[in-house]
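Hello,

Here is the structure we talked about. Please have a look at it first, then read my notes below.

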Amino acid sequence: VAVWSQVDAEGDEVGSLRVRFSLAEGEFPDYRQVIPAGIKRTCTVKVGALATALRSVAVSATDKQSSVRCSFEEGRLLLSAQDGGGKGGEARAEVECDFDGSPLSTGFSATYLEAVLRGASGDSVTVHLGEALDPSIWLGELWRPQAGRLADVADLVVVMPMRLD
């Protein structure tokens, strides 16, 4: 399918963008099975502030997965990444947030979190957390509790944590 095409004075195509689609065949698990049932902590943070802090910390995350430690505490989210090059350096950033629950430290891929933040629907995102190695739910401002169960919400992102030890 030609989505965009440019022609010269003679009508010959000189540039275009083409999109190809292919059907992925196979058995896929029910996505609702990875949505966590037990939410013990909730953190609401500004997308812009988190994206800026994540970019500054991710530069130091030189391991293959670009892993970033996220420490959720009352009033703040601390981000940190270790220099995987053996130099022992560490980058840190702090973001103000609204947090409800007991403190939690877990790890995520910076690449995945950046993708979540790029697709966020509003100025803030709410993260629903269980334990350190439980999947987390990232929701934009469009979701409201009265919308129904989390499994019924169309715009939610499940992010799997990383083991950092």
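**What I found**

Strand 4 and strand 7 pair in the antiparallel sense, over 6 bridges. Two strands pair if DSSP finds at least two bridges between them. Strands (E, at least two residues) are DSSP runs, numbered from the N terminus.

A word on the model. It is predicted, so local features need pLDDT of at least 70 and side-chain atom pairs count only at pLDDT 80 or more, while totals for chains, interfaces and linings use all residues. Residues are numbered from 1 along each chain as its sequence is written, and side-chain values use heavy atoms, with hydrogens and water left out.

Now strand 7 again. Of its 6 residues, 5 are buried, so the strand is largely enclosed by the rest of the structure. Buried means under 20% relative accessible area, exposed means over 50%, and partly exposed is in between (1.4 Å probe, protein chains only).

Next, the aromatic rings. How many aromatic pairs are there? The count comes to 2. Rings of Phe, Tyr and Trp (its six-membered ring) pair if their centres lie within 6.5 Å. Planes under 30 degrees apart count as stacked, over 60 as edge-to-face, and the rest as tilted.

Phenylalanine 72 and phenylalanine 99 are stacked. Their centres are 6.2 Å apart, with 25° between the planes. Phenylalanine 72 sits in strand 4 (residues 67–73) and phenylalanine 99 in strand 6 (residues 90–100), so this pair ties together parts 27 residues apart in sequence. Phenylalanine 72 is buried, at 1% relative accessibility. Phenylalanine 99 is buried too, at 12%.

Phenylalanine 108 and tryptophan 138 form an edge-to-face pair. Here the centres are 5.9 Å apart and the planes 85°. Phenylalanine 108 is in strand 7 (residues 104–109) and tryptophan 138 in strand 9 (residues 136–139), so the pair links distant parts of the chain, 30 residues apart. Both residues are buried.

Last, the cysteines. The structure holds 0 disulfides. A disulfide is a pair of cysteine sulfur atoms within 2.5 Å. Cysteine 43 is in none; its nearest cysteine sulfur, that of cysteine 97, is 3.5 Å away. Cysteine 43 is buried, at 0% relative accessibility. Cysteine 97 is also buried, at 6%.

Best wishes

Methods: Helix = DSSP H or I, 4+ residues; strand = E, 2+ residues; numbered from the N terminus.
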